[in-house]
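Biologist: I'm new to this one. Can you put it up and walk me through it?

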Protein chains: 2
Amino acid sequence: MVICPNILNVSTRKLKNIFKLNHPYDANNIKIAIESGKVKNAVIVGGGLIGLEVAEALVKSEIKVTIVEMLDRLLPKMLDREMSILLMRNMEANGIDVSVCNKVLGFEGDDQGNLQAVVTEKGTIDAQLALIAVGVKPNTKLAEDAGLEISENGAIKVNEYLQTSNPDIYAGGDCIDNVNLVLNRRVYLPLGDLANIHGRVIANNIAGKREKFPGVLGTSICKVFDFNAGAIGLTEEMARENDYEVVTAVVPGPDKAHFYPTAKGIFIKLVGDKKTGKILGAQIIGPGDVAKRINMLSVGMFHGITAQTLAKMDLAYAPPFAPAMDNLITAANVLQNKIDGIAKSLTAMEVKERLDKKMDFILLDVRSPKEVESISLPYENVVNIPLGVLRDRYHELPMGKEIVIFCKVSLRGYEAQKILEEKGFTNVKFMDGGIISWPFQCIVNN
Amino acid sequence: MVICPNILNVSTRKLKNIFKLNHPYDANNIKIAIESGKVKNAVIVGGGLIGLEVAEALVKSEIKVTIVEMLDRLLPKMLDREMSILLMRNMEANGIDVSVCNKVLGFEGDDQGNLQAVVTEKGTIDAQLALIAVGVKPNTKLAEDAGLEISENGAIKVNEYLQTSNPDIYAGGDCIDNVNLVLNRRVYLPLGDLANIHGRVIANNIAGKREKFPGVLGTSICKVFDFNAGAIGLTEEMARENDYEVVTAVVPGPDKAHFYPTAKGIFIKLVGDKKTGKILGAQIIGPGDVAKRINMLSVGMFHGITAQTLAKMDLAYAPPFAPAMDNLITAANVLQNKIDGIAKSLTAMEVKERLDKKMDFILLDVRSPKEVESISLPYENVVNIPLGVLRDRYHELPMGKEIVIFCKVSLRGYEAQKILEEKGFTNVKFMDGGIISWPFQCIVNN
């Protein structure tokens with residue numbers, strides 16, 4: 001095996017029905033456990049790609065599932081927090097309990113060695129089945145025994161031809177490191193499609209064709225229930241850690257022409273570099289077509305695409321496939337407006353922080369009374385002035401205070417920002433993605 | 001209106017129920033005609049995007065539809081002949097009659113002026129409804145009256161900022177010409193998504209931001225019944241007309257992991273430039289996900305992507321979305337193998353030509369006897385030697401003759417080519433896309 005599963009620093013006390021999901025035998029044994037009828041509750045340790053995919057499979061077997069994740073969100077390597085919370089809401093709606101910022105402390109079993117519960121920092125969870133999916137690490141034993149160089153990230157070091165430190169030995173797949181093309185730095189990224197490409201590059205090189213593997217963008221995707229979650233490049237968090245001057249945009253919308261019967265929503269978050277205008281990363285989630293947009297970004301980011309260029313791609317348009325202006329083009333335009341300083345916004349997380357700190361600002365809801373009635377934000381800061389009458393009623397707003405505007409998706413929010421600025425307001429922003437992207441509690445009247 | 005419909009050079013004698021599909025009123029009047037219950041047969045003149053889309057709508061109203069197309073295929077601007085025939089087979093399977101290489105000569109009506117039949121070169125077709133969808137031309141009257149320059153292609157001439165010959169007048173949408181980025185030449189391409197991008201570029205320029213519209217790739221897509229047909233860049237025919245040294249690859253396959261329940265087939269045809277390795281165009285058809293691959297090509301071709309680079313994109317892989325090696329990556333690898341001269345092939349059209357001319361060559365089917373029994377090609381030239389025993393039985397084949405190998409998709413066909421070459425055969429090719437892409441008659445035993 002080219003990989004080893006990461007392990008927890010707690011004893012599993014040799015209990016039955018705890019699996020690490022790193023071998024086909026595990027799949028069979030999990031199936032046997034489920035078919036025994038004795039598994040009513042399962043705990044999945046780890047909220048990454050594998051954890052989420054297996055969660056759906058267990059729910060379909062009518063098992064109550066709890067995901068325990070040590071970090072503050074699901075898919076922490078792919079999604080920023082506000083996007084991850086939207087995904088989590090969908091998993092909860094499908095009956096899954098998600099416990100983030102939580103750590104597994106141990107496992108409890110009965111006298112026969114059957115698992116009975118998983119003990120976590122936040123309490124004990126009944127479980128007759130536990131799956132541990134906390135990542136993998138490269139299995140470099142063979143390489144080390146052969147005296148090959150190992151990277152700082154723990155994987156076998158290869159050059160762009162996928163040669164190890166011994167030029168007669170090539171390596172590919174989940175045991176090697178890859179160049180991240182955004183960061184221009186070697187990273188560990190074990191993914192099946194890359195392994196396939198590695199294989200071909202190595203074969204070509206062995207056969208005498210000198211061929212390079214250019215590197216990776218960290219493209220990932222998964223489907224959980226009716227929700228797709230894809231990501232590429234850097235999250236906002238990663239971009240900030242790497243000292244970029246970060247600009248982001250969250251743009252929700254239907255994935256096809258809005259009038260087309262099978263249109264479904266997607267939420268796009270773009271992460272851009274203010275200095276160069278380049279796209280650094282993206283996260284796209286929702287029931288709609290995520291993979292198409294991620295793949296366009298993959299080809300674009302490989303070529304260092306900017307928001308301005310992305311917004312002008314000649315894409316395949318017809319109502320069954322996309323809106324006339326593709327969601328990604330709209331998102332690129334919003335990002336460019338922010339880079340240009342025309343559009344000013346706060347992320348949902350920044351707005352939530354202001355609310356939690358009880359800061360003195362106004363949350364201006366510019367939707368119609370009917371929309372406000374059906375769903376609204378439960379905060380005292382909220383003032384409602386529909387966009388259509390804002391030019392008449394703007395004097396109801398205090399000029400000095402920070403005003404954060406929102407509507408359904410924040411298109412009207414942006415227009416309201418421009419209107420208020422024209423009227424002399426200087427501290428006006430809109431909330432990224434509107435109320436439809438608000439990942440926290442809303443008041444919903446059906 | 002920025003466009004006018006092209007018209008036929010025949011009189012419609014003021015008959016009722018002949019529509020040109022260029023106005024919302026037409027939609028309403030067609031609906032009224034259908035709801036009258038008197039329309040049993042309809043003729044659609046023109047096998048382009050509009051003609052195909054409206055054909056599906058009529059069939060769903062239980063009307064017998066015939067499409068009459070003057071050229072030798074459906075979607076002649078998008079698809080080469082063998083791809084177009086595959087699409088035509090699907091339309092025929094959905095009950096539509098398609099008559100290509102046929103011209104409308106006139107219309108016949110009764111005394112009340114009701115359409116009764118459409119007269120064509122190949123006979124008279126009963127029809128109580130006729131729809132004429134033979135393209136559009138730019139309506140440049142307003143521009144000409146204003147003294148603006150008109151391009152050779154008949155559209156309003158604009159520069160990269162979308163300024164007309166009068167720099168204070170901008171133009172966009174279906175009335176202007178666009179730069180084709182593959183040919184680096186101005187073309188007329190009236191498409192809705194481009195009009196949207198034009199609008200924004202013009203608005204930005206008017207607002208003082210100097211912004212360019214870079215050009216187009218001729219990206220188009222449509223859905224007809226359960227079949228999608230998309231194209232970008234040059235067809236093989238167009239590439240040859242423009243003197244490229246053309247290499248093509250036809251690669252069929254499932255659009256998702258082959259074991260995934262909702263996987264559906266797509267056929268990819270790539271058109272490449274042997275000299276530079278660049279992708280010049282692509283055609284993708286089938287019930288599977290076409291739009292995703294066309295859009296990747298759109299972003300790639302904008303950047304002048306080569307087959308070799310395309311084959312190394314870090315795409316979003318998980319079984320519900322794509323094969324581990326995306327169809328487009330596989331197609332790029334096949335194309336590169338041909339560019340490198342490792343893989344040698346003939347297109348379905350080239351094989352058909354040899355058959356029609358009764359040329360002396362061998363069609364070597366390397367599939368298993370079971371596969372041959374279920375579907376085979378009805379030609380005397382066919383010899384069957386399964387790939388697995390080819391190394392034992394190759395001496396049954398004559399060394400001097402041209403041998404064209406096929407299997408289901410032509411992967412085994414390619415392997416057989418390599419085996420025979422190793423055995424000393426010098427005139428061996430495989431047939432592009434295998435029997436699954438053969439657009440002509442097969443013998444099918446269910």
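Modeller: Copies are superposed by least squares on the C-alpha atoms of residues with pLDDT of at least 70 in both. pLDDT is the predictor's confidence in each residue, from 0 to 100. This is a predicted model: local features need pLDDT of at least 70, side-chain atom pairs count only at pLDDT 80 or more, and totals for chains, interfaces and linings use all residues. Residues are numbered from 1 along each chain as its sequence is written, while chains are lettered from A and ligands numbered from 1 in the order written.

Biologist: What rotation superposes chain A on chain B?

Modeller: A rotation of 180°, with 0.0 Å of shift along its axis and an RMSD of 0.0 Å. The two copies are thus related as by a two-fold rotation axis. The same surface serves both copies, since 100% of the contact residues of chain A recur in chain B.

Biologist: How many residues of chain A are in contact with chain B?

Modeller: 40 residues of chain A are in contact with 40 residues of chain B. Contact means C-beta atoms, placed from the backbone, within 7 Å.

Biologist: Which element gives the largest share on the chain A side?

Modeller: H7(A), with nine residues. Helix H5 (192–206), strand E13 (220–224) and helix H7 (291–302) of chain A each supply at least two. Helices (H or I, at least four residues) and strands (E, at least two) are DSSP runs, numbered from the N terminus.

Biologist: And by class, what is on that side?

Modeller: There are 24 nonpolar, 10 polar and six charged residues. Nonpolar covers Ala, Val, Leu, Ile, Met, Phe, Trp, Tyr, Cys and Pro; charged covers Asp, Glu, Lys and Arg; the others, Gly among them, are polar.

Biologist: How confident is the prediction for chain A?

Modeller: Chain A averages a pLDDT of 95, and 99% of its residues score at least 70. The model has ipTM 0.95 and pTM 0.96.

Biologist: New topic, helix H3 of chain A. What span should it have?

Modeller: Its 13 residues (81–93) should span 18 Å at 1.5 Å a residue, and the end C-alpha atoms are 18 Å apart, which agrees. The expected span is 1.5 Å times one less than the number of residues.

Biologist: Which residues of H3(A) are buried?

Modeller: Among them are Met83(A), Leu86(A) and Leu87(A). Buried means 20 or more other C-beta atoms within 10 Å of the residue's own, exposed means 12 or fewer, and partly exposed is in between; C-beta atoms are placed from the backbone. The buried residues pack against several elements of chain A, including strand E14 (227–233) and strand E17 (279–286). Just after H3(A), Gly95(A) has a positive phi of about 90°.

Biologist: Over to chain B. Is Ile285(B) buried or exposed?

Modeller: Buried, because 26 other C-beta atoms lie within 10 Å. Ile285(B) lies in strand E17 (residues 279–286) of chain B. Leaving out residues up to four places away in sequence, the residues Ile285(B) touches include Met83(B), Leu87(B) and Phe227(B). Ile285(B) and Phe227(B) are 58 residues apart along the chain, yet their C-alpha atoms are separated by 6.9 Å.

Biologist: What about Phe225(A), where is it?

Modeller: In the loop between E13 and E14 of chain A. Phi of Phe225(A) is positive too, near 55°. Phe225(A) is partly exposed, with 17 other C-beta atoms within 10 Å, whereas Leu162(A) counts as buried, with 24 C-beta neighbours inside 10 Å.

Technical notes:
Two residues are in contact if their C-beta atoms, placed from the backbone, lie within 7 Å.
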